[in-house]
Amino acid sequence: MSEKTEKTEQRLSVFKTYKLYVGGKFPRSESGRVYEVTAKTSAAGAAGKGNWLANVPLSSRKDARDAVVAARKAFGAWSGATAYNRGQILYRIAEMLEGRREQFVREVADAEGLSKSKAAAVVDATIDRWVLYAGWTDKIAQVVGGGNPVAGPFFNLSSPEPTGVVAVLAPQESSFLGLVSVVAPVIATGNTAVVIASEKSPLPALSLGEVLATSDLPGGVVNILSGRTAEIATPLAAHQDVNAIDLAGADDVLAKELEIAAADNLKRVLRPQPVDEVDWSAKPGIDRMTAFLETKTVWHPTGSLGASGSSY
Amino acid sequence: MPTNAPTAAHTLSDVTASDSTLRRFLHGLPGVDAVGLEARAASLGTRSIKTTAKAYAIDLAISMVDLTTLEGADTPGKVRALGVKAVHPDPTDRTTPATAAVCVYPDMVATAKEAVAGSSVKVASVATAFPAGRAPLGVKLADVREAVAAGADEIDMVIDRGAFLAGRYMKVYDEIVAVKEACGASARLKVIFETGELSTYDNIRRASWLGMLAGADFIKTSTGKVAVNATPANTLLMLEAVRDFRAQTGIQIGVKPAGGIRTTKDAIKFLVLVNETAGEDWLDNHWFRFGASSLLNDLLMQRQKLATGRYSGPDYVTVD
């Protein structure tokens with residue numbers, strides 16, 4: 001009897017190996033490096049200061065390059081999918097997140113030093129944000145596109161198209177709500193993303209990869225890297241096959257550097273807002289979607305206009 | 001250095017005397033240690049080639065590319081574009097070396113010849129009812145003569161795999177000899193074994209020796225038209241064969257892996273194989289080639305990366 005109780009007490013802990021999410025797969029860093037992630041100080045949090053949480057991959061510039069290749073490969077099918085289909089998939093992500101709510105509450109509490117109830121509120125807001133952008137996929141075209149009144153026998157139409165591969169520097173402080181608030185609008189409109197997770201608290205981001213992998217989201221649409229933001233962002237900003245970069249997670253010095261590097265192939269750059277003023281829980285509007293959209297305008301000849309002023 | 005060649009030198013002149021002597025010779029070649037071969041090829045693929053060595057390897061690889069288009073839909077315009085690309089692979093950087101050759105179907109030879117005129121780029125033509133090789137000998141030879149007459153500098157022939165697998169080695173041998181004769185003195189002959197259809201490593205070794213005995217100037221892995229094309233292992237095996245053949249006869253023969261080599265990393269692995277197996281004498285586009293089309297763009301992107309320090313993308317190379 002006593003032997004049996006001892007056995008149950010001695011059960012070995014099963015630690016989770018956090019890995020990158022690139023091209024629909026979960027590789028380790030090409031460099032083989034890892035770094036330690038610790039819980040944030042908190043009076044209410046379960047984990048105390050300096051508590052080790054996990055070892056996560058320390059990505060290199062080659063991981064960034066591989067992620068861009070995966071994102072480029074996924075772009076054709078994702079941007080070509082119907083907006084309605086993209087909306088279904090984004091909603092599916094929200095459904096999957098709901099099922100793993102407990103896990104994310106724990107991870108967000110550790111990452112941001114929040115109490116359990118506050119962390120739960122953050123996770124709920126995050127899931128709602130996915131739902132919000134899922135709804136926007138097939139509506140954004142009506143808001144920013146449409147017919148233009150032109151002089152002459154033309155039917156003139158503008159429609160928004162995705163920019164391409166977008167490098168996203170996720171916010172450093174808001175490790176989950178902030179992350180989703182910058183990633184969801186990028187992919188909602190048909191772009192593909194290479195995301196650099198928060199440097200100090202990447203665990204919610206890496207776990208999000210597991211959710212994305214099981215949500216019908218094609219591999220490569222979102223690629224998540226963990227590591228030193230500056231180290232990974234620099235080659236991404238200079239990369240000729242990246243079409244845009246969102247600098248949400250860069251400080252002033254890094255943002256300036258990256259902007260200069262990004263100018264080389266005329267990337268679209270979304271500058272970071274001052275950190276103190278960002279309230280990720282506020283209603284987001286559509287700015288983050290339109291930042292990575294191009295407008296295509298088509299002139300369709302209608303033939304000579306009749307006396308009524310219209311030929312159709 | 002261990003070799004896999006038969007020891008008695010005098011045998012080579014006698015082996016092609018009759019069907020039975022040829023068979024005895026080919027089946028007398030030592031069997032291939034498949035596990036050892038693949039392990040050796042894999043271990044040579046782990047070398048890390050960086051900075052100046054990488055720059056050298058990329059330029060060397062570009063100069064070894066046989067830029068290939070072998071589609072039913074090839075138009076004269078596409079062949080001309082390919083020729084221009086072969087001469088100046090990267091128009092934004094004129095220090096980029098030209099490729100070794102363009103490789104086309106026989107009816108496109110004249111067009112290709114015109115496109116590369118005045119450059120060092122050669123025109124290679126596939127022939128002998130490529131890629132299947134299932135045509136009467138007369139047709140195959142006419143195919144070769146037409147291509148040579150149109151100005152082809154190199155002929156890529158396919159062996160009769162059916163005869164080879166049926167064990168009729170003399171028929172395969174005679175055919176290569178006849179094609180070699182049709183090539184005349186001007187055109188170099190590459191013999192394609194289609195290693196993916198030969199089933200075993202032993203067969204690839206036999207085919208290599210058969211091709212070399214029959215007078216091939218190059219032995220080439222595959223057509224690029226079947227599921228399994230050039231692999232590091234079968235290329236290593238053929239490199240061993242040309243090394244042993246030269247040790248025995250003094251005649252140097254080239255090797256051309258073709259199909260399935262798409263990245264710079266792969267190409268550099270093959271160059272390591274060449275250097276470590278056959279030796280430096282083969283590190284030249286007269287003796288080693290890559291049969292490829294998409295490989296060139298990756299080489300160019302890597303070259304741009306080395307020159308500028310930033311990653312390049314497919315928007316900055318030509319669409320073929």
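Predicted model: local features only at pLDDT ≥ 70, side-chain atom pairs only at ≥ 80, totals over all residues.

Colleague: Then in what order do the five strands of the open sheet in chain A come?
Modeller: The sheet is open and its pairing is parallel. Neighbouring strands are turned by 15 degrees against each other on average, ignoring direction. Reading across chain A, the order is 7-6-5-8-9.

Colleague: Which strands of chain A stand at the edges?
Modeller: Look for strands with a single partner, so that one side is left without a neighbour in the sheet. In chain A that gives strand 7 (222-225) and strand 9 (268-270).

Colleague: And what is the bridge partner of A:A167 in strand 6 of chain A?
Modeller: Strand 5 (residues 165-169) of chain A runs parallel to strand 6 (residues 192-196) of chain A, and five bridges join them. For A:A167, the partner in strand 6 of chain A is A:V194.

Colleague: At what angle does helix 9 of chain A run to strand 6 of chain A?
Modeller: Helix 9 (residues 229-238) of chain A lies across strands 5, 6, 7 and 8 of chain A. Relative to strand 6 of chain A, its angle is about 150 degrees.

Colleague: Last one: how far apart are the axes of helix 4 and helix 5 of chain A?
Modeller: Helix 4 (residues 101-112) and helix 5 (residues 116-136) of chain A pack at about 115 degrees, and their crossing is right-handed. The contact includes A:F104 of helix 4 and A:V122 of helix 5; by class, it has eight nonpolar, no polar and two charged residues. The axes of helix 4 and helix 5 of chain A are apart by 8 Å.

Definitions and conventions: Residues numbered from 1 in each chain as written. Chains lettered and ligands numbered in written order. Axes fitted to C-alpha atoms, helices over the stretch in contact; angles between N-to-C directions. Helix = DSSP H or I, 4+ residues; strand = E, 2+ residues; numbered from the N terminus. Left-handed = near helix turned anticlockwise from the far one by under 90°. Contact = placed C-beta atoms within 7 Å. Nonpolar A, V, L, I, M, F, W, Y, C, P; charged D, E, K, R; others polar. Pairing = 2+ DSSP bridges.
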